[in-house]
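Dear colleague,

Please find below the sequence and the structure that I am handing over to you. My notes on the findings follow directly after them.

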Amino acid sequence: MNAHEPSSLLAGSPGLPKSNDGDPVFAEPWQAEAFAMTVRLHEKGVFSWSEWAEALSHELFKPGRRDDASDYFDCWVAALSRLVTELSITSVDTLDDLTRSWQRAAEATPHGQPIRLENDPIK
Amino acid sequence: MTSHDHDHDHHDGHHHDNHFSDMQARVKALETILTQKGLIDPAAIDAIVETYETKIGPRNGAAVVAKAWSEPDFADWLQRDATAAIASLGYMGRQGEHMRAVFNTPETHNLIVCTLCSCYPWAVLGLPPVWYKAPPYRSRAVIDPRGVLAEFGLTLPDKQKIRVWDSTAELRYIVIPERPAGTDGLDQSALADLVTRDSMIGTGLAKAGAGAA
């Protein structure tokens, strides 16, 4: 892997699922989005590599993980959420509220329309 | 455009056109906050995701196309009942959505629109291209499909008709591209490598076989 690729460091995250040619693989689009956001935040210096690796490891080694590791990116997102709250970029409550708001927005959006946060009926 | 006389809600009456899983919603929430704080730019995120386009999801539509090219009986079944034919390979839609396969021929090229919501069957087709989500694309693709395709580098013969299929909440489409020339000796796995995401939404053709001139 070329050092200029955005994923050069993050692709070294512990346990990251990879293809035979060494690229990360994602089961669903949101996993790639979470990966990409983490890459950008790290590139911007929002957190260091060791801070990231520690946050991710903390989630990966929690009890109750699925045997087939299909929850790897659930852990990834939990680690990212934890880091951004620990760094006071946002609060746990704000993040939780916004998560529910996006779910309501999706359910309130008719087919064929873009899902926008403003579509949340009780926002 | 087809008339939309499809069956409605056969399940529980609580059907929503769109739904975000907990994880999808959490990722959207993070994206919203980080964008508001000026820490990320959604376009930059899309650009990174695009580089992994071929690494996302099972993209099992390519195997469906390769099997249809190789096995006339399967192609017939796909044409009659794509939902069942695709399910027979073990590929189930996430929300049990119905699939319809539309076959390209020398006379007719098919193009699928609709990725504005969460109904795009990415597990079959692969990740949609970023530009596909731009609202103007959908309307322009309906009004001037030949012009839009030309912009994407796909110039079709004037005599080839273009049919545009608009996905509904209950019915999703897959384009079965024409089998490229010079691929007679290839097995299904080699054929599947020729089937691009773009060829399954109709904005491209299958890749030429290595044996083709």
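In chain A, residues 24 or more positions apart account for 47% of the contacts that have a separation of 6 or more. Please note that this is a predicted model, and the values in this message were computed from it.

**Chain A as a whole**

The secondary structure of chain A consists of four helices and zero strands, and the order from the N terminus is α-α-α-α. Of the 123 residues in chain A, 46% are buried. The chain exposes about 6,100 Å², and carbon and sulfur atoms supply 49% of that area.

**The interface between the two chains**

The size of an interface is often given as the accessible area lost when the parts come together. Here, the area buried between chain B and chain A is about 4,100 Å². Carbon and sulfur atoms give 69% of this buried area. On the side of chain B, the residues that lose the most area to chain A are B:R26, B:Y52 and B:K55, which together provide 16% of what that side buries. The contact involves 46 residues from chain A and 44 residues from chain B.

Which residues form the salt bridge across this interface? The rule finds one such bridge between chain B and chain A, and the partners are A:D96 and B:R26, with their closest N and O atoms 2.5 Å apart.

Two helices of chain B, α1 (22-36) and α2 (42-51), each supply at least two residues of the side that touches chain A. Helix α1(B) gives the most to that side, with 13 residues. By type, the residues of this side of chain B divide into 24 nonpolar, 11 polar and nine charged.

Helix α2 of chain B also holds B:E50. At 31% relative accessibility, B:E50 is partly exposed, because this value lies between the limits of 20% and 50%. The C-alpha atom of B:E50 is separated by 9.3 Å from that of B:P128, although the two residues are 78 residues apart along the chain.

**Salt bridges within the chains**

Side chains of opposite charge can pair when their charged atoms come close. Over all chains, the structure holds 12 salt bridges. Three of those within a chain are described here.

In chain A, the side chains of A:K62 and A:E59 meet in a salt bridge with an N to O distance of 3.3 Å. A:E59 is placed in helix α2 (residues 49-60) of chain A. Is A:E59 buried or exposed? Its relative accessible area is 7%, so A:E59 counts as buried, the limit being under 20%. A:K62, by contrast, is partly exposed, at 39% relative accessibility. Leaving aside residues up to four places away in sequence, A:E59 touches A:R65, A:C75, A:A78, A:A79 and A:R82.

A second salt bridge of chain A joins A:D120 to A:R104, with the closest N and O atoms 2.9 Å apart. This pair links distant parts of the chain, since A:D120 lies in the segment after α4 and A:R104 in helix α4, 16 residues apart. A:D120 is buried, with a relative accessible area of 4%, whereas A:R104 is partly exposed, at 30%.

In chain B, B:D198 and B:R197 form a salt bridge through their side chains, at 2.7 Å from N to O. B:R197 is buried at 8% relative accessibility, while B:D198 is partly exposed with a relative accessible area of 26%.

**Backbone angles in two loops of chain A**

Most residues other than glycine have a negative phi. A:A69, in the loop between α2 and α3 (72-86) of chain A, has a positive phi near 60°. A:A69 is partly exposed, with a relative accessible area of 40%. A:S88 likewise has a positive phi of about 60° although it is not a glycine. A:S88 is found in the loop between α3 and α4 (92-108) of chain A. At 62% relative accessibility, A:S88 counts as exposed, because the value is over 50%.

With kind regards

Technical notes: Residues numbered from 1 in each chain as written. Chains lettered and ligands numbered in written order. Predicted model: local features only at pLDDT ≥ 70, side-chain atom pairs only at ≥ 80, totals over all residues. Heavy atoms only, no water. Contact = heavy atoms within 4.5 Å. Buried area = accessible area lost by both parts, 1.4 Å probe. Salt bridge = Lys/Arg side-chain N within 4 Å of Asp/Glu carboxyl O. Nonpolar A, V, L, I, M, F, W, Y, C, P; charged D, E, K, R; others polar. Buried < 20%, exposed > 50% of the residue type's maximum accessible area, 1.4 Å probe, protein only. Areas by Shrake-Rupley, 256 points an atom, 1.4 Å probe, with all protein chains shown as cover.
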